[in-house]
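Visitor: Please take me through one part of this structure at close range. I would like the nonpolar core and the strands around it.

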Amino acid sequence: IADLRRKGQFGPGEVVIDIGTRILDGAGDAVPAAWIRLETTAGVPIQVATANADGQATFIGLRTGVYRLRARASGLGEKTRLIDVPSATGEYDVQF
């Protein structure tokens, strides 16, 4: 994961959350090697990852709030989704 945050961004006692996402095609199958970017709702990049063989990626050290996940995959195009961190369901998947 390429971490685009500045060091020292978080204050003492501040809660940070790690999340995992899966990238899925229309049939619900994993999309390996998908490019995934976690952004602010204004589109400012926070972290970038590439999905593993199971279509999974992790984003670490997030503050609570609303974010956008942007996924791109060869032959599938691009898909975005707004997520709440933490999520009431714990689900952060992106499905094409």
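Guide: Contact here means heavy atoms within 4.5 Å. This is a predicted model: local features need pLDDT of at least 70, side-chain atom pairs count only at pLDDT 80 or more, and totals for chains, interfaces and linings use all residues. Residues are numbered from 1 along each chain as its sequence is written, and side-chain values use heavy atoms, with hydrogens and water left out.

Start at I19. Leaving aside residues up to four places away in sequence, I19 touches A57, T58, F59, L62, I83, V85 and Y92. I19 is also among the residues with the most contacts inside the largest nonpolar core, as are I23, L38, F59, L69, I83 and V85. That core has 21 residues. (A nonpolar core is a set of buried Ala, Val, Leu, Ile, Met, Phe, Trp, Tyr and Cys residues joined through side-chain atoms within 4.5 Å; buried means under 20% relative accessible area, with a 1.4 Å probe and protein chains only.) At least two core residues come from each of β2 (17-24), β3 (35-39), β4 (45-50), β5 (56-62), β6 (65-73) and β7 (77-85). Strands are DSSP runs of E, at least two residues, numbered from the N terminus. β6 gives the largest share, 4 residues.

Now the pairing. Two strands pair if DSSP finds at least two bridges between them. β2 and β5 pair antiparallel over 5 bridges; I17 has L62 in β5 as its bridge partner. An open sheet of 3 strands runs β5-β2-β8, with mixed pairing. Its edge strands, β5 and β8 (94-95), each pair on one side only.

Elsewhere, β3 and β4 run antiparallel, joined by 5 bridges. W35 is partnered with T50 in β4. The two strands form a hairpin with 5 residues between them. In the turn, G43 has a positive phi of about 90°.

Key
Buried < 20%, exposed > 50% of the residue type's maximum accessible area, 1.4 Å probe, protein only.
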